[in-house]
Amino acid sequence: MSDAKAPLEFYFDFSSPYGYLAAERIDELAAKYGRKVKWRPVLLGVVFKATGAAPLTTVPIKGAYSMLDFGRSARFMGIPYQQPSRFPLPTQVAARAYYVLHDQDCAMARAFAKAVYRALFVEDRDISNPEVVMEIAAAVGADRAAVAEAVERPEIKERLKNEVAAAIEKGVFGSPYIVCDGEPFFGADRLPQLEARLAGKEF
């Protein structure tokens with residue numbers, strides 16, 4: 001594969017509203033230009049410790065705006081959205097489950113990731129609950145018991161830890177963070193700029 005057709009790298013946290021919006025569009029956008037996408041869940045809690053940031057909704061003044069913008073951005077993009085009653089919440093188990101599935105079946109892992117996002121931001125399910133995560137995994141065809149066992153293995157926990165560390169080392173500071181041919185694009189509102197770059201436009 002030439003550098004011009006290198007896959008996009010899509011870093012996200014399952015509790016990120018803007019990550020969800022990007023997740024609903026990124027594969028279709030990439031395919032339009034002959035690209036594939038590497039999905040890489042990370043943990044914003046760890047990322048924020050490294051950057052000194054905090055969840056948008058917890059920041060004074062900015063928090064109220066972000067709550068307005070989540071829904072508005074979803075409506076603008078034509079994507080279903082319901083603000084979760086539990087937010088933000090831990091996503092370690094969901095992220096570990098993704099990597100377990102990814103090592104077995106990339107398509108299943110992708111379907112799982114999208115289902116986890118929709119479970120939180122459309123159905124208001126508690127994706128911090130391992131039982132909910134396993135239900136979602138089973139719904140996309142995974143062996144529920146096998147995934148439940150795998151997410152508790154030390155090597156999978158270490159795998160996620162290493163993925164997050166590598167993301168931070170690469171410059172990832174939030175979700176969604178998309179890298180195209182070495183150039184980063186942060187936020188779902190950067191998708192038009194990303195498309196322009198994929199189309200070969202210089203700016």
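**The loop between α4 and α5**

Reply: P88 is found in the loop between α4 and α5. The model is a predicted one. The peptide bond that leads from F87 into P88 is cis, and its omega is near -10°. In general, most peptide bonds are trans.

The rings of F87 and F70 form an edge-to-face pair, with 6.0 Å from centre to centre and 70° between the planes. F70 belongs to helix α4 and F87 to the loop between α4 and α5 (92-102), so the pair ties together parts that are 17 residues apart in sequence. The two partners can also be described by their accessibility. F70 counts as buried because its relative accessibility is 3%, below the 20% limit. F87, with a relative accessible area of 23%, is partly exposed.

The pair has a wider setting. F70 and F87 are members of one aromatic cluster, which also includes F10, F12, F14, Y18, Y20, W39, Y81, F112, Y117 and F121. Across the structure, the count comes to 19 aromatic pairs.

Together with α1 (17-23) and α3 (44-51), α4 supplies at least two residues of the lining of the largest pocket. The largest share of that lining, 5 residues, comes from α4. The pocket has a volume of about 730 Å³ and is lined by 36 residues, with L44, F48, A54, P55 and L56 lying nearest its centre. By type, the lining residues divide into 21 nonpolar, 10 polar and 5 charged.

The phi of I61 is near 70°, a positive value in a residue other than glycine. I61 is exposed, since its relative accessible area of 78% is over 50%.

For comparison, a cis bond is also found elsewhere. The peptide bond from S175 to P176 is cis, with omega near 0°, and P176 lies in the loop between α9 (154-170) and β3 (177-180). The loop between β3 and β4 (183-186) contains D181, whose phi is positive, near 50°. D181 counts as partly exposed, at 45% relative accessibility.

Methods. Residues numbered from 1 in each chain as written. Predicted model: local features only at pLDDT ≥ 70, side-chain atom pairs only at ≥ 80, totals over all residues. Heavy atoms only, no water. 1 Å grid on protein atoms, 1.4 Å probe; cavity = no way out; pocket = protein on both sides within 12 Å on 5 of 7 lines; lining within 4 Å. Points joined across faces, edges and corners; volume = space filled by probe spheres on them. Helix = DSSP H or I, 4+ residues; strand = E, 2+ residues; numbered from the N terminus. Nonpolar A, V, L, I, M, F, W, Y, C, P; charged D, E, K, R; others polar. Phe/Tyr/Trp six-rings, centres within 6.5 Å; stacked < 30°, edge-to-face > 60°. Buried < 20%, exposed > 50% of the residue type's maximum accessible area, 1.4 Å probe, protein only.
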